[in-house]
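Hi,

Here is the structure I promised to pass on to you. My notes on its cavities and pockets follow below it.

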Amino acid sequence: MASTDLLDGMQAAVFDAYGTLFDVNAAVRRHAAEVGPQAEALSETWRTKQLEYSWIHGLMDRYEPFWTLTERALDFALAKFPNVDRGLRERLLDAYRDLDAYEEVPATLSALRERGIRTAILTNGDRPMIDRAVASAKLEGLLDAVLTVDEVRRFKTHPDAYGLALDRFGLGREEILFCSSNRWDIAGAAAFGFRPVWINRRGLPDEYPDFAPAAVLPSLDGLAFRQN
């Protein structure tokens, strides 16, 4: 890449939602005192199973809305940790509908738009789920599009999911910056032909060496001005 500016030649910046813009652990954290000492493990299991269910359903070509899989994943997590009060189920689900956005998200989206870069979410979340999350975090005015795999009924990393951004913006793959905290999602975006940026919030080791990110950042902070 001749330029060191991550945004050089980019016309749009597309973001994964859960774990990238929205803190997936915020729901359990909000009720941590009631969940008890297994709160962190419950949250981790919930997220792991949510993703696993999307991958398995994708491989079977049996699409289910992401919210349905989110509910099933929580049921599994509660069954795995029987000491956690199952009466918290609905409160945890309601908290997941209104997840906190990471603190740098609004400023990042605003700065990108000031640079003339269109912004969008591309998520496995189904339409009611993601629309509520965006509204709760007050991000509507900072996004040019909110794209959900509901439209193609195929979860990421299927190419049809990433193709939604091309259809929405009428751009070439090489004109889209794609940001995700999920390394598997970055691999999918790289294979598709986007410029992928891994937001490695947890400091995880790299993987998928054949599908490398253009850059690895610890957060979205300063993305609009970042050089690789």
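**Cavities and pockets**

The second largest cavity is lined by Val-24, Ser-43, Trp-46, Arg-47, Gln-50 and Tyr-96. Before I go on, a word on the source: this is a predicted model, in which local features need pLDDT of at least 70 and side-chain atom pairs count only at pLDDT 80 or more, while totals for chains, interfaces and linings use all residues. Residues are numbered from 1 along each chain as its sequence is written, and side-chain values use heavy atoms, with hydrogens and water left out.

On terms: working on a 1 Å grid over the protein atoms alone, a cavity is a set of points where a 1.4 Å probe fits but cannot get out, and a pocket is an open set with protein on both sides within 12 Å along at least five of seven lines; a lining residue has an atom within 4 Å of a point. Points are joined across faces, edges and corners, and a volume is the space filled by probe spheres set on them.

Back to that second largest cavity: it holds about 30 Å³ of space. Helix H3 (residues 39–60) gives the largest share of its lining, four residues; helices here are DSSP runs of H or I with at least four residues, numbered from the N terminus. By class, this lining has three nonpolar, two polar and one charged residues (nonpolar: Ala, Val, Leu, Ile, Met, Phe, Trp, Tyr, Cys and Pro; charged: Asp, Glu, Lys and Arg; polar: the others, Gly among them).

The structure holds two cavities of 30 Å³ or more. The largest has a volume of about 60 Å³, and its lining includes Asp-16, Arg-47, Phe-66, Lys-156, Asn-182 and Trp-184. Arg-47 therefore turns up in the linings of both cavities. Four nonpolar, three polar and three charged residues make up the lining of the largest cavity.

Now for the open sites. The largest pocket has a volume of about 520 Å³. It is lined by 22 residues, and Arg-47, Ser-181, Asn-182, Arg-202 and Leu-204 lie nearest its centre. H3 supplies the largest share of that lining, five residues, and helix H9 (183–192) is another element that gives at least two. The classes here are eight nonpolar, six polar and eight charged.

The second largest pocket has about 220 Å³ of space. Among its 14 lining residues, Trp-55, Gly-58, Leu-59, Phe-155 and His-158 are the closest to its centre. This lining has four nonpolar, five polar and five charged residues.

Best wishes
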